[in-house]
Amino acid sequence: MAFSMQINGRTYTVDVDGDTPLLWVLRDLLGMTGTKFGCGQALCGACTVHVDGVATRSCVTPIESVVESQVTTIEALHTVAHGKALQDAWIELEVPQCGYCQSGQLMSAAALLEETPSPTDDDIDNAMWGNVCRCGTYQRIRAAIKRASA
């Protein structure tokens, strides 16, 4: 079945089953490989994108559920509020180590700052819960979010 959707401000049409996860449409059909596969069960956050501005796990989001929505991926993070500030803070504070989880971390952080422009440590912990960093850079992630919010 053909589905048309808005991704990063552009319209794309794909021919897939309606229950195909958004993650696989992004990566395999559209070549947007910045969004990562981590667990396939919405437990790790590596696949986080924004659907209408809300941080959403794309590995469990059926494509048919986003056809009326605006989807934003890591490739367009610089276009959302706080996106460029987050990217700059991530670089300045050397947040990534292996980097695998970082697109999901950044997308979750951007959604947090959109909703809570001056987050507390508790706000950050709650918003970032479920985003797993196997390298353990959580303190640097928190510091980068605070820097981007300043």
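Colleague: In which sense do strand β3 and strand β4 pair?

Modeller: Please keep in mind that this is a predicted model. Strand β3 covers residues 48-51 and strand β4 covers residues 54-57, and within this pair Val49 stands opposite Thr56 in β4. The two strands are joined over 4 bridges, and the sense of their pairing is antiparallel.

Colleague: Which residue takes a positive phi in the hairpin of β3 and β4?

Modeller: The hairpin has 2 residues between the strands. With a phi near 55°, the residue that takes the positive value is Asp52.

Colleague: Is Asp17 buried or exposed?

Modeller: Asp17 lies in the loop between β2 (10-15) and α1 (22-29), and together with Asp15, Asp19 and Glu64 it forms a negative surface patch. Exposed means over 50% relative accessible area. Because the relative accessibility of Asp17 is 54%, this residue counts as exposed.

Colleague: His82 has a positive phi although it is a residue other than glycine; what is its relative accessible area?

Modeller: His82, whose phi is near 70°, is located in the loop between β5 (70-72) and α2 (83-92). The residue is classed as partly exposed, and its relative accessible area is 26%.

Colleague: Where is Glu94 found, and is it buried or exposed?

Modeller: Glu94, a residue other than glycine, has a positive phi near 50°, and it is found in the loop between α2 and α3 (102-115). Since its relative accessible area is 58%, Glu94 is exposed.

How values were computed:
Residues are numbered from 1 along each chain as its sequence is written. This is a predicted model: local features need pLDDT of at least 70, side-chain atom pairs count only at pLDDT 80 or more; totals for chains, interfaces and linings use all residues. Side-chain values use heavy atoms; hydrogens and water are left out. Patches are made of residues with over 30% relative accessible area and no salt bridge: like charges are joined within 9 Å, nonpolar side chains (Val, Leu, Ile, Met, Phe, Trp, Tyr) within 5 Å. Accessible areas come from the Shrake-Rupley method with a 1.4 Å probe; for residues, only the protein chains shown count as cover. A salt bridge is a side-chain nitrogen of Lys or Arg within 4 Å of a carboxyl oxygen of Asp or Glu. Lys and Arg count as positive and Asp and Glu as negative; His and the chain ends are not counted. The place of a charge is taken as NZ of Lys, CZ of Arg, CG of Asp or CD of Glu. Buried means under 20% relative accessible area, exposed over 50%, partly exposed in between (1.4 Å probe, protein chains only). Two strands pair if DSSP finds at least two bridges between them.
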